[in-house]
Amino acid sequence: MNPWLLLLPLIAAFTGWLVIRVFLWALFRPQQAMSLAGIRLQGILPRTQSQLSSQLGKWVSTHFISFDQLAGTIGSADNLEKLMPMVETQIDHFLREKLAQEMPMISMFIGDKTIGKVKGVFMDELRSLFPRLMQEYASTLSEKIDIEKLVAEKVANINTSDLEQALYQQYGRYIGRLYAMAAVIGFAMGLLQLAIAVFTA
């Protein structure tokens with residue numbers, strides 16, 4: 001048996017590790033397009049960033065953010081009831097304190113019973129008005145804010161070098177495991193090739 005065949009598992013392990021290394025490198029680099037022997041080279045993300053930003057903006061505006069849905073959530077009965085104690089406190093403060101300061105003559109004729117009735121009227125009106133206000137506000141926002149364009153611009157302006165650094169900082173441990181897994185699989189394939197070479201010799 002050729003003794004060089006014993007290197008097959010090591011070579012295969014290195015090849016597995018190298019494939020992952022080259023793939024991750026090719027995701028981000030080169031940052032700027034360059035030509036090598038007439039072949040245009042540029043990282044996958046830098047090269048497709050403009051197209052990706054456009055597609056991501058469209059996806060987010062279609063599937064992720066809906067002003068109508070947002071207005072419905074904010075203006076839901078449950079959320080409104082959570083706000084009511086704070087609103088009631090503010091109305092009570094206005095009727096007892098602010099009104100007395102601004103219109104002392106009128107406040108002299110308003111007692112606790114009247115304050116209670118006025119608060120009740122205000123609260124009932126807010127319960128019916130608040131959902132409509134949210135819908136109107138959402139409609140105004142949807143006319144003024146282009147979510148698709150906003151997201152696309154943000155993604156297009158991301159520095160891919162910063163993205164690469166963030167990726168390794170956040171997922172460095174998992175990337176290391178990916179390298180190890182590729183090397184182990186390569187080593188196993190090398191052993192298989194060695195076994196085939198030995199038994200067919």
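**View 1. Asp-92 and its polar partners.** The side chain of Asp-92 makes a polar contact of 2.9 Å with the side chain of Arg-96. (A polar contact is a pair of N or O atoms within 3.5 Å; within protein, one must be able to donate a hydrogen and the other to accept it, and residues adjacent in sequence count only if both atoms are side-chain atoms.) Another polar contact, of 3.1 Å, links the side chains of Asp-92 and Lys-119. This is a predicted model, in which local features need pLDDT of at least 70 and side-chain atom pairs count only at pLDDT 80 or more, while totals for chains, interfaces and linings use all residues. Residues are numbered from 1 along each chain as its sequence is written, and side-chain values use heavy atoms, leaving out hydrogens and water.

**View 2. Where does Asp-92 sit, buried or exposed?** Asp-92 belongs to helix α4; helices are DSSP runs (H or I, at least four residues), numbered from the N terminus. Asp-92 counts as buried because its relative accessible area is 19%, and buried means under 20% (1.4 Å probe, protein chains only).

**View 3. The largest nonpolar core.** Nine residues form this core, including Leu-80, Ile-91, Ile-115 and Phe-130. (A nonpolar core is a set of buried Ala, Val, Leu, Ile, Met, Phe, Trp, Tyr and Cys residues joined through side-chain atoms within 4.5 Å.) Two or more residues come from each of α4 (77-102) and α6, and α4 gives the most, with five.

**View 4. The bend in helix α6.** Look at Leu-129, where α6 bends by about 35°. (The bend is the angle between axes fitted to the seven residues ending there and the seven starting there.) Pro-131, a proline, follows within four residues.

Key. Buried < 20%, exposed > 50% of the residue type's maximum accessible area, 1.4 Å probe, protein only.
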